[in-house]
Each structure stands twice: as C-alpha cells, then as structure tokens.
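Colleague: Before I use this model, I would like the terms set against their cut-offs. Please take them one by one.

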Amino acid sequence: MPVDDLVALERRLKRIEDERQIERLIASYGPFVDAGDAEAVAAMWAPEGTYDVEGLSMRSRDDVRAMVLSEQHQKLIGEGCCHFLGPAVVNVDGDSAVAVCESALLVHHGKRFAVFRVGVHYFALDRVESGWEIRTRVARALDGDPSARDLLAAGVSGRAR
Amino acid sequence: MPVDDLVALERRLKRIEDERQIERLIASYGPFVDAGDAEAVAAMWAPEGTYDVEGLSMRSRDDVRAMVLSEQHQKLIGEGCCHFLGPAVVNVDGDSAVAVCESALLVHHGKRFAVFRVGVHYFALDRVESGWEIRTRVARALDGDPSARDLLAAGVSGRAR
Amino acid sequence: MPVDDLVALERRLKRIEDERQIERLIASYGPFVDAGDAEAVAAMWAPEGTYDVEGLSMRSRDDVRAMVLSEQHQKLIGEGCCHFLGPAVVNVDGDSAVAVCESALLVHHGKRFAVFRVGVHYFALDRVESGWEIRTRVARALDGDPSARDLLAAGVSGRAR
C-alpha cells in the first residue's frame with residue numbers, strides 16, 4: 001500500500017482547504033460589515049494588518065474596527081447598504097497567499113437602490129494557527145484609474161505588490 | 001498503513017463536498033428562477049419547506065412553484081431580470097446547515113437595467129438522501145431594516161434563528 | 001488496507017479539483033478583461049474556441065484578443081468598468097464540461113456608476129493538458145429574450161446546446 005499516495009492526496013486536499021478558507025473569509029466580509037459586526041470584521045485582519053482604500057489608510061485591527069463603528073459607516077448601514085463582493089481568485093504559496101475579487105457597493109437612498117462604487121480588492125494573507133489573516137488589503141475604484149487595473153492583474157496572478 | 005488517516009481524509013473531503021453541494025444549490029437559484037423553471041426551483045425546498053420574503057410567506061414546494069408561475073414573476077422574467085446572488089458562506093453541522101448570501105435583483109425596464117432590490121438570504125438546510133434541501137429561507141431587503149442585519153450575522157455565524 | 005478506497009477518494013477529490021479549476025477560470029475573466037490583459041483573456045479559450053455575444057461573433061483566440069484590444073473595450077476600461085460575474089455552476093462529464101453564471105456589466109460614466117448590461121454566460125469547456133479551455137461561450141442579455149432563459153436552463157443542467 002503506497003503511503004506516498006496518501007501523502008499526496010492529503011496535500012491536494014489541504015490546498016483546497018486553504019483556498020476555501022480564504023474564499024470564505026472574503027465572502028464573509030460583506031455580511032459582517034453590512035451587519036455592523038465590528039469585532040468580526042476586525043478579526044479578519046492580522047493585529048497590524050492594513051486596509052488601504054482611497055482616502056483612508058487603516059494600519060491595524062483597531063483602525064478597521066473604528067471604521068466599522070464610524071459615523072460614516074453606521075449611517076451607511078442605517079440607511080441600507082450591501083458590500084457585494086464577487087467570487088475570489090485565490091493563490092496560495094506555502095504560508096502566504098494573494099487573492100482578488102471585484103465588488104459593487106450598493107446603497108439604499110430615498111426608497112431606491114443605486115450603485116455607489118465599483119472596485120477591485122487585493123488581499124495579501126498569512127497563515128496563522130487559527131486559519132488565515134489579512135496582512136494587506138488594497139481597494140481601488142474601477143473608475144479608469146490605471147492602478148486599479150494593476151491591482152486586478154497582480155491579484156489574479158498571485159503577484160506581490 | 002494507518003487506516004485512521006484514510007478515515008480522517010474521507011471526513012475532510014466529505015465536509016467539502018457537503019459545503020459545495022449547498023453552494024451549488026444556492027448558485028443555481030438565480031439561473032433557475034430567471035429561466036422560469038418552476039419545478040427546478042421548487043425542488044430546492046423540502047416538501048414543507050418555507051420561504052419568507054417581505055409581504056410573501058411560502059409554506060411548501062407548491063407555494064414556491066406557484067410564486068415562479070405567478071403573473072408577477074412571469075412579468076419580471078418577460079421583461080428581463082437577474083436574481084444575482086453572491087458567493088454563499090456555508091456552515092454544516094452534521095445533517096443540517098445554515099448558509100447566507102447577499103444579492104441584487106437587477107431588472108430590465110424600458111431598454112435600461114436598474115437595481116430593484118438588494119437583500120440578504122438566510123438558509124437553513126437539511127441533508128436528505130439526494131443531497132440537501134432548504135427547510136427555511138428568509139430574505140430581507142438591506143434597506144436599513146435591523147432584522148436584515150440580524151439575518152446576516154446569524155447566517156455567517158451558522159446560528160439558528 | 002483497501003486500495004479501492006484510496007482510488008475512490010482520489011476520484012472524488014479529482015472531481016472537486018476539476019470543478020474548482022473551471023470556477024477559477026470563470027472567476028478570472030472579470031479581473032483579466034477589466035485589467036485589459038488581452039493575452040490572459042485569449043488564453044482562456046481553445047485556439048479555435050468561440051465567443052458569441054449579441055452582435056459580435058468571435059471564432060478564435062485571436063478574435064478574443066482583438067476584442068480586448070479594440071477601441072471599444074479600451075474606452076470602456078479607460079473610463080472604468082467591471083465585468084462582474086457571479087458564482088458559476090459547473091457540470092463536469094469526463095473530459096468536457098458545461099458551466100453557467102449570471103453577470104452585470106457595471107460602467108463608470110461621468111463620476112457615476114451604472115448597470116449597463118445584465119446577462120447569462122454559458123460555457124462549454126474541454127480538458128487539455130494544462131487544465132481546461134473554453135470551446136464555446138455564449139452570452140445573452142437578460143432583457144426578456146427567451147433564448148437567454150434557454151441558456152440559463154441548459155447551463156445549470158449541464159446540457160449541450
């Protein structure tokens with residue numbers, strides 16, 4: 001009975017588990033942030049993880065938590081919003097990973113819904129004991145900004161940036 | 001040769017298969033309902049499964065089928081619509097599961113498309129011989145309604161409600 | 001030690017890997033095409049693969065590459081756009097597969113974003129040495145056109161067309 005086969009099988013399975021954990025993390029962002037669960041959102045990041053959106057640079061879990069609790073975000077979820085993230089493309093390389101997805105921020109305003117923002121999200125993640133954590137997340141609007149296109153290309157190819 | 005390892009491997013694989021079956025079920029909803037395939041939509045539910053949307057409470061497969069065949073839904077797909085559901089977050093616990101996703105209902109009206117509704121979908125599912133069935137589905141618009149935020153939080157955490 | 005079990009396990013794992021490779025291929029389309037990476041988009045197709053969108057019939061990788069490099073597409077990404085594809089439903093049958101997803105084309109125009117097009121994408125794919133390639137892709141707007149509904153039904157059920 002070839003033990004090698006079992007080891008190889010376990011490796012293939014582990015890769016899928018890793019990718020799926022990261023897919024789940026990213027798919028959880030919208031539900032958590034739209035629910036206003038500041039603790040759960042913050043816990044996605046490493047303690048010193050960063051989140052860079054145009055005009056806002058967060059440098060830690062505390063900064064991410066503060067963003068969710070901010071007047072601006074609370075107003076958004078109070079009126080109704082959906083951080084609608086698409087399926088992520090995930091590239092795992094040992095204990096680190098790069099992932100990317102596109103998104104639409106849909107907002108409720110005066111009985112109607114509108115597309116407020118459309119963007120790309122680039123994630124660099126690290127493996128930790130409990131799973132995976134975000135080390136860096138960069139979001140850019142897909143408004144013609146060439147750097148947004150660079151993020152898309154880097155993310156889908158698993159390149160560092 | 002440790003048989004235990006093979007058993008453990010099979011358990012990990014089975015968990016992924018379960019989650020993927022549910023992900024597929026949820027990802028199939030939009031295509032089926034936008035195609036107007038009433039039988040296929042109804043078959044996603046348990047015979048006595050429920051679907052609760054604002055203003056509409058369905059209590060069985062027959063009710064779900066009737067919704068797809070209704071004048072209101074037929075008009076929607078006749079003009080053009082897309083029940084666009086995002087990636088689901090799935091929590092399997094033995095023979096039952098809880099899943100959640102966000103969605104946008106995009107409608108075609110007078111040569112243009114618009115975002116008609118943005119919402120959260122909470123699913124409680126049961127394992128049956130043929131796979132998984134919806135026992136309960138609750139949808140709420142993300143229009144500032146606090147109960148929509150509760151649904152998001154419960155769904156992503158796998159909590160019953 | 002039952003070798004059969006290991007073989008059966010490997011088969012189940014392989015099926016998931018196949019489906020995931022196709023899911024990844026489809027999830028990569030938006031990032032690649034919105035980044036303007038014509039080579040990467042073209043490489044998703046078989047050399048003689050086809051892509052049929054209303055008013056545009058591409059019959060090869062070269063045609064797909066030319067579409068990405070066209071003035072029309074370059075203008076779209078220059079102003080900002082997102083080919084936002086939802087989670088795919090994949091049906092693998094040996095060395096061929098059928099998949100389907102819904103999508104929204106979100107465009108940036110004059111400081112605002114709008115839903116420009118909502119559609120269905122039907123894919124027929126073939127296994128090749130390096131993974132999977134698109135043999136046929138058909139896209140139709142969900143604007144009430146009955147053929148779009150047929151595509152949805154065929155895709156989710158894995159039927160050839």
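Modeller: The contact takes 34 residues from chain C and 33 residues from chain B, where contact means heavy atoms within 4.5 Å. This is a predicted model, in which local features need pLDDT of at least 70, side-chain atom pairs count only at pLDDT 80 or more, and totals for chains, interfaces and linings use all residues. Residues are numbered from 1 along each chain as its sequence is written, chains are lettered from A and ligands numbered from 1 in the order in which they are written, and side-chain values use heavy atoms, with hydrogens and water left out.

Colleague: How much area do chain C and chain B bury between them?

Modeller: About 2700 Å², 70% of it on carbon and sulfur atoms; buried area is the accessible area (1.4 Å probe) that two parts lose on being put together, summed over both.

Colleague: What makes Glu10(B) and Arg12(C) a salt bridge?

Modeller: Their side chains meet at 2.8 Å, N to O. The rule asks for a side-chain nitrogen of Lys or Arg within 4 Å of a carboxyl oxygen of Asp or Glu, so the pair qualifies. Across the interface of chain C and chain B the rule finds four salt bridges.
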